[in-house]
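Thanks for coming. Please have the sequence and the model open.

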Amino acid sequence: MSASERPFAKLWLPFWLLLALAGIATWVVLLNGAEEPRAWRSLLINFLFFTSLAGGMVVWPPLVATCNGRWHLKVERLASVGIAFALPSLAALVLLWVGNDLWAPWQRVHYHQGIWLHPDFLLGRDLAGLLIFWGAALYHLNRRRSGEGKSSGAVLVLIYCLVFSLLGFDLVMALDPYWHSNLAGGYFFMSGLYIAITCWALLAASHPAAEPDQLHDLGKLMVAFSLMTTYLMYVHLLPFWYENLPREVRFIVPRLHGPQWAPVSAFLLALVYFGPLVLLLPVRAKRSRLALGAISFLVLCGLWLERWWLVAPTFEQAPRLGLPELSLAAGFAGVLGLGMTWMRRVGEGRS
């Protein structure tokens with residue numbers, strides 16, 4: 001963090017702290033209210049979004065390096081600070097485990113999957129996988145500080161794919177135990193990379209060290225991963241549509257054919273899946289800090305809605321987006337902002 005950035009960072013610290021305290025306090029109050037299960041599900045939604053964001057950001061620099069890219073070096077630290085959300089993400093998953101009898105659909109029901117959907121086994125393996133991922137991420141970052149880390153980075157990318165596929169299967173697909181999809185895990189970790197590259201582009205657009213060429217590359221990756229995510233969702237839904245099997249169309253019907261959720265799906269199609277292709281098509285938009293920053297922020301908000309859209313229709317016949325969901329989103333954003341600011345200061349002290 002340069003000397004010119006320090007006063008600006010000091011102004012942001014109280015904002016992040018206030019956002020974290022106000023958001024989490026509001027959620028705790030709502031947790032003891034009439035809609036306690038909805039408040040717990042908001043914890044799941046925000047865990048899925050912010051863990052995908054932070055984990056994907058840590059993975060992006062080694063992913064670029066594995067492809068022999070070097071364009072990202074000046075803005076690598078902006079992505080690596082995602083490690084700051086490691087402990088909050090683990091704490092959120094532990095909290096979901098402790099309170100699973102208040103939100104999880106697997107309670108006191110014997111499904112054909114048997115012990116695989118037992119809450120303790122399911123959340124226990126997810127916690128173990130997340131511990132392995134964050135441990136590998138911390139090890140890789142330590143290797144990078146010593147000028148190494150190529151092999152550890154490649155291993156980290158592989159671990160990310162496996163662990164976040166497991167989270168997608170367990171915490172999205174398994175919410176409806178009668179629905180299954182072989183692509184659920186792949187879609188989840190690839191869309192997580194889309195979330196992360198969008199956040200990386202947003203941070204780079206507001207950082208003076210990022211050059212127009214680097215902004216251009218980040219913008220192109222946003223477009224590429226929006227199309228990849230769109231493709232995965234399309235091939236995810238197409239077999240369900242033409243086979244029309246009851247166990248498979250359970251995912252499609254409420255989201256695409258229900259009159260309440262169909263407008264949300266159309267909005268996500270326009271903003272998240274095809275939005276970057278249209279908005280970032282001009283070269284000037286990708287090289288402009290203002291344009292790239294505004295578009296990245298808009299798409300990032302849409303991607304939060306996408307995580308809500310993956311979870312909520314399983315439990316709600318009509319969209320209900322309000323204080324239970326948004327308060328914790330604000331709280332997690334504040335925690336992430338505080339952690340990233342602290343990590344940048346730590347990095348400055350070591351350099």
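Look at α7 and α8, whose crossing is left-handed. This is a predicted model, so everything I quote is computed from predicted coordinates. The axes of these two helices, α7 and α8, come within 9 Å and cross at roughly 160 degrees. That angle makes α7 roughly antiparallel to α8, because angles over 145 degrees count as roughly antiparallel. As for the residues in the contact of α7 with α8, 18 are nonpolar, six are polar and none is charged.

Now a second pair. Take α5, residues 119–145, and α6, residues 150–171. Their axes also come within 9 Å, with a crossing at roughly 160 degrees. So α5 is roughly antiparallel to α6. The crossing of α5 and α6 is left-handed. What classes of residue make up the contact of α5 with α6? There are 16 nonpolar, four polar and four charged residues. Recall that the contact of α7 with α8 has no charged residues.

Next, the cavities. How many cavities of 30 Å³ or more does the structure hold? It holds two.

The largest cavity has a volume of about 70 Å³. You can find it from its lining: Gly-168, Val-172, Trp-179, Ala-184, Tyr-187, Phe-188, Met-233, His-236, Phe-251 and Leu-310. This brings us back to the helix pair I opened with. Both α7, residues 184–205, and α8, residues 212–243, supply at least two residues each of that lining. Which element gives the most to the lining of the largest cavity? It is α7, with three residues. By class, the lining of the largest cavity has eight nonpolar residues, two polar ones and no charged ones.

The second largest cavity holds about 60 Å³ of space. Around it you will see Arg-38, Arg-41, Ile-45, Trp-308, Val-311, Ala-312, Phe-315, Glu-316, Arg-320 and Glu-325. Two elements give two or more residues to this lining, namely α2, residues 36–66, and α13, residues 289–311. The largest share comes from α2, with three residues. The lining of the second largest cavity divides into five nonpolar, no polar and five charged residues. Among the charged residues at the second largest cavity you can pick out Arg-38 and Glu-325.

Finally, the chain as a whole. The protein chain has 14 helices and zero strands. Read from the N terminus, the elements run α-α-α-α-α-α-α-α-α-α-α-α-α-α. The radius of gyration of the protein chain is 20 Å, close to the 20 Å that the globule rule gives for 351 residues, so the chain is as compact as a globular protein of that length. Along its principal axes, the C-alpha trace spans about 60 × 40 × 40 Å.

To go back over the main points: α7 is roughly antiparallel to α8, and α7 also gives the most to the lining of the largest cavity. For the second largest cavity, the helix with the largest share of the lining is α2. That is all I have.

Definitions and conventions. Residues are numbered from 1 along each chain as its sequence is written. This is a predicted model: local features need pLDDT of at least 70, side-chain atom pairs count only at pLDDT 80 or more; totals for chains, interfaces and linings use all residues. Side-chain values use heavy atoms; hydrogens and water are left out. On a 1 Å grid over the protein atoms alone, a cavity is a set of points where a 1.4 Å probe fits but cannot get out, and a pocket is an open set with protein on both sides within 12 Å along at least five of seven lines; lining residues have an atom within 4 Å of a point. Grid points are joined across faces, edges and corners, and a volume is the space filled by probe spheres set on the points. Helices (H or I, at least four residues) and strands (E, at least two) are DSSP runs, numbered from the N terminus. Axes are lines fitted to C-alpha atoms, for helices over the stretch in contact, and angles run from 0 to 180 degrees between N-to-C directions. Angles under 35 degrees count as roughly parallel, over 145 as roughly antiparallel, 65 to 115 as roughly perpendicular and the rest as oblique. A crossing is left-handed if the near helix is turned anticlockwise from the far one by less than a right angle, and right-handed if clockwise. The radius of gyration is taken over C-alpha atoms; the globule rule is 2.2 Å times the number of residues to the power 0.38.
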